[in-house]
Amino acid sequence: MARFVFRRLALLIPILFGLSLLLFLWVRALPGGPAIALLGERATPEAIERFNRLYGLDRSLWEQYASYMGRVVRLDLGASTRTNRPVLTEFWERFPATIELALAALLIAVAVGIPLGYFAARRFGTWLDNSSVVASLIGVTIPVFFLGFLLKYVFAVRLGWLPSQGRQDARLAVEHPTNFYVLDGIVTGNLNATWDAIAHLILPAIALASIPLAIIVRITRASVLDVLNEDYVRTAEAKGLTKRVISRRHVLRNAMLPVSTTIGLQTGLLLSGAILTETVFALPGIGTYLVRAIDGRDYSAIQGVILIIAVIYVIVNLLVDISYGIIDPRVRVR
Amino acid sequence: MRHSTSPSRRLLALTLGGVLAAALAGCGGDSGDEESAGATGGTLVFGTSNDPVILDGAYVSDGESIRPVRQIFESLVTTKEGGTEPLPLLAKSWETSADGLTWTFTLQEGVKFHDGEPFNAAAVCTNFDRWYNFKGVQQADSVAYYWLTVFGGFAKNESPDTAPSLYKSCAAENDTTAVITLTRPNGAFLSGLTLPAFSMASPKALTEFKADEVKGAADAPQFTGTFGTEHPVGTGPFKFESWQRGDRLTIARNDDYWGEKAKLDKVVFRPIGKGADRRQALEAGDIDGYDLVDPGDVDALKSAGFQILERPAFNVGYIGFDQAEEPVNNPKIREAIAYAINRQQIVQANYPAGAEVATQFQPPSLWGHNPEVPKYDYDPEKAKTLVAESGVKNPTLQFFYPTDVSRPYMPNPTANFEIMKANLEAVGFKVVPKAAKWDPDYLNAVDSGNAGAVHIIGWTGDYGDPDNFIGTFFGRPKAQFGFKDAAIQDELARALSLSDQAERDTIYKKANADIMTALPGIPYVHTKPNIAFKAGVTGYVPSPVNNEDFSTVSLPSSN
């Protein structure tokens, strides 16, 4: 097991090298650059030349790349050209917001999706089954930001039940020791703040959850249907085991394998969906950060954020692979 | 068996129930309740378009950083409420020497910085010398834009094209007298000082929190001090309280302020990227007001009972000519175009209420504006005559316009272009449209004089001096306009060098008339950006130069 994990982590090195080179070239291929993006109408040829010289953008690509990689191996992702602050610092300031959103969305998708898929399979052919199939189709096709906008308009603007943007009510004075707003309320003993943070998460999490939810429902349903037809289930029923025991011990456990694969793959979708959702709900996560960085041609910020997301993606999928061994003893990896 | 409550079903019910409970509880803790009754006190939440970059005035030139800086810091001079003339602030009065090189400022007494340090002439000189001695990345236009604009260069210019500095030295004669010496006479200097870039910071805090520390590789410079991120110490009516990046910036009333204390307890700035989202936040009650209202939202907000405030126009949208290109090198052609364009139609069709037709390259709110400049009222027949007189057969115009952008002076460039094209074709011009993406293609093209014969662009002023408008456009030959006019350049240089306001006003009025005779372009619009507030918020005075003070603002007394 340890060798397996080590080998997978070692793969990260060539992945990151290749990715960093691609990113480096791609951002510089984008038209324009940070100087003109920052200065707009105030840009003059002298100003741009001055900027490029001071930020080392007038050197050859190889020089710039070598300098950049020299920093990356020391875990220094450079500085934003907009704020002149380390990219890594800015990333950590905003990452908790994205994690909270992604986890909340995953929670909704799993907590609603798996039971829904299970019951759709058990009541195969009934209205519950058919409507969940249709609902999942709708969930996959509605663009996340449109759904977000709709939810915001109905529940925040017209009904006023939930907040329309942000992570927390701007009028609440709260300390943020962990920067996970839901946790911060608990840690500082301010439960009002925790409820408020949860309220702010509801709409964006529902919007973001729409795609993984739809997929989890379908995969669970298909997987459960498969398992329900297996011999060992019939054997268990014949043995006289209760429905509850059969579901837990035989059906669910076997059906979960493909579902957990899906959940792992959904991480990628969740991270990219987070970018759209964060923009609609003005959440200060890495999604909004990346969008602004691209607009402003903030090379180091763009490269840094995407590299870190790549690392996260590899690690999450590694965890999914390890989880196979837990769910299914037959697939224990060496 | 159908009704068995299996674990998954119970879990589902619990989760949904919990989620609903959280939603309702969360609503209870929202808004309103924390605001105190009465005209003073309370927390105002203001929606902005972006997080500030840093809270060190010397390092910023973007509106969203300037907004909180203006509340925390003060400069020697400020602008008249809602206007542009310089008025005393930290300097009670000032005198200029006869040669215009020495400016003696008499300072306010009894002023303290938020950290208790005294504000005095030594502090003034510390600040000026700090900026003058900027090195490396501190000299970049994205950092020290306003120093570069007003003073030109630094003690040691790192770039060959940086101009020699206007600033020579500062001396503290005594605690309340600061003498600034310039290298050449310059009348725009005083207006320039109203900028937040020249606001006074506590010398102790600057040193203690390493405001000038720059680390990192030469090509990845980082400001590592915490002055601008955690300890921005000024003299203003508000003190910095906290900053959760991307979430909110909180400032609190300075109860030791030397002037009239702020009415609000706190102001919270919350960045919300899109105008549509800011609007929804206002409608949902999450914020009390916001800036940069989308023109399309103004009417809807008004009918829903919200307040819409207008900022006096301080920008100009114009058609520019590149006289290095034919046929606009011909003055009669330029005149013909001026008469052919129906500016009234463009402003009426493509601009929100409050926009006005421009007659010259600076807005009426700025002194030096000349009501008697040559006007080119819409007259297609006259245009046709001029085209005929010009001697140019089948005049063709390469007309550049930008896409993928909305500017305050030009919300919809394509719509403007369409009307202009129709106007021009009606009098016999052939128009060759050239669309280019604003960033970077269009900007690069215009800057380098590669934007055809005609282009549309504009400018938003930074401070209340005509040099910031017509000086910027025509003070030196620019590739954008492709011409040299020594007479106009000399006029502008002379006006810049004088200190007497009345004298400068006369020269700028003449310069505006001369410019509109020479017609290097056709200004057509000044727009008024809008700020929205919920009903009952009072005391916010919009300023043409975005010098807006939250200390006079109050929340409604009841909710």
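## A walk through a two-chain model

Helix α2 of chain B, residues 63-72, is mostly covered, with eight of its ten residues buried. Please keep in mind that this is a predicted model. The buried residues of α2(B) are B:Ser65, B:Ile66, B:Arg67, B:Pro68, B:Val69, B:Arg70, B:Gln71 and B:Ile72. What lies over them?

Let us turn to where the chains meet. Here 69 residues of chain A are in contact with 65 residues of chain B. Several helices of chain A supply at least two residues each to the side that touches chain B, among them α5 (87-122), α9 (191-228) and α11 (243-280). The largest share of that side, eight residues, comes from α3(A). By class, the residues of the side of chain A that touches chain B are 30 nonpolar, 21 polar and 18 charged.

Two packed helices are described by the angle between their axes and the distance between the axes. The axes of α10(A), residues 231-239, and α11(A) come within 10 Å and cross at roughly 160 degrees. Because of that angle, α10(A) is roughly antiparallel to α11(A). The crossing of α10(A) past α11(A) is right-handed. On the α10(A) side, the contact is made by A:Tyr232, A:Val233, A:Ala236 and A:Glu237, while α11(A) contributes A:Ile246, A:His250 and A:Val251. This contact of α10(A) with α11(A) has five nonpolar, one polar and one charged residues.

Now for some backbone details in chain B. Most residues other than glycine have a negative phi, and most peptide bonds are trans. The table lists the exceptions to be discussed.

| Site | Feature | Angle |
|---|---|---|
| B:Glu326 to B:Pro327 | cis peptide bond | omega near -5 degrees |
| B:Asp439 to B:Pro440 | cis peptide bond | omega near 0 degrees |
| B:Asn394 | positive phi | phi near 50 degrees |
| B:Asn546 | positive phi | phi about 55 degrees |

Where do these sit? B:Pro327 is found in the loop between β15 (315-321) and α9 (331-340) of chain B, whereas B:Pro440 lies in helix α13 of chain B, residues 438-447. B:Asn394 is in the loop between α11 (380-390) and β17 (396-403) of chain B, and B:Asn546 is in the segment after β21 (530-533) of chain B.

Is B:Asn394 buried or exposed? B:Asn394 is exposed, because 9 other C-beta atoms lie within 10 Å. B:Asn546 has 19 C-beta neighbours inside 10 Å, so B:Asn546 counts as partly exposed.

Notes: Residues are numbered from 1 along each chain as its sequence is written. Chains are lettered from A and ligands numbered from 1 in the order in which they are written. This is a predicted model: local features need pLDDT of at least 70, side-chain atom pairs count only at pLDDT 80 or more; totals for chains, interfaces and linings use all residues. Two residues are in contact if their C-beta atoms, placed from the backbone, lie within 7 Å. Helices (H or I, at least four residues) and strands (E, at least two) are DSSP runs, numbered from the N terminus. Ala, Val, Leu, Ile, Met, Phe, Trp, Tyr, Cys and Pro count as nonpolar, Asp, Glu, Lys and Arg as charged, and the others, Gly among them, as polar. A residue is buried if 20 or more other C-beta atoms lie within 10 Å of its own, exposed if 12 or fewer, and partly exposed in between; C-beta atoms are placed from the backbone. Axes are lines fitted to C-alpha atoms, for helices over the stretch in contact, and angles run from 0 to 180 degrees between N-to-C directions. Angles under 35 degrees count as roughly parallel, over 145 as roughly antiparallel, 65 to 115 as roughly perpendicular and the rest as oblique. A crossing is left-handed if the near helix is turned anticlockwise from the far one by less than a right angle, and right-handed if clockwise.
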